[in-house]
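Reader: I'd like to learn how to read ring contacts in a model like this one. Can we go through it together?

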Amino acid sequence: MPGDRLNLKEMCAKFDVTTRTLRYYEYIELIFPEKEGRTRYYGPTEFARMELILRGKRWGFSLEEIRQWLEMYDKENQQNQLEALMEMADRQLVELEDRYAQLAVTLDELRELRTRTEERLINARRTGKAS
């Protein structure tokens, strides 16, 4: 069915990635498009893999970790897959929670700076000079 496959340009549009990115993912064997001559076609399997790749990137996993994650789905022993995924998720959760805490501190500092600056500006307008 034509709707089940996309060409390179359509795949890029669907996932909002560049052709260079998509070709790189193919080069490092994260996705495996069908080839007809020089044309690449991406089907439901590649759609699912791209969703996982982009989700993994959003979660902060490296491409190598994403590769390992994708390879887990190709193996039969589901318990090992799930344990490995749990370990990866636990490590990344610690990292993201640390970054989140650091970001919260940074946001508080910036809000405080903005408030102090606004107060100085209001005072300067009242008195006609910056303090």
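Reader: Which ring does the charged end of R5 sit over?

Author: A charge sits over a ring if NZ of Lys or CZ of Arg is within 6 Å of the ring centre and within 35 degrees of the ring normal. Here R5 has its charged end over the ring of Y41, 4.0 Å from the centre. K14 does likewise with F47, at 5.1 Å from the ring centre.

Reader: What should I keep in mind about the model itself?

Author: It's predicted: local features need pLDDT of at least 70, side-chain atom pairs count only at pLDDT 80 or more, and totals for chains, interfaces and linings use all residues. Residues are numbered from 1 along each chain as its sequence is written, and side-chain values use heavy atoms, with hydrogens and water left out.

Reader: How many aromatic pairs are there?

Author: Rings of Phe, Tyr and Trp (its six-membered ring) pair if their centres lie within 6.5 Å; planes under 30 degrees apart are stacked, over 60 edge-to-face, and the rest tilted. That rule gives four pairs. One of them is edge-to-face, W59 with F61, because the planes meet at 75°, with centres 6.4 Å apart. W59 also pairs with W69, this time tilted, at 5.9 Å centre to centre and 35° between planes.

Reader: Is W69 buried or exposed?

Author: Buried means under 20% relative accessible area, exposed over 50%, partly exposed in between (1.4 Å probe, protein chains only). W69 is at 4%, so it's buried. F61, at 9%, is buried too, while W59 is partly exposed at 37%.
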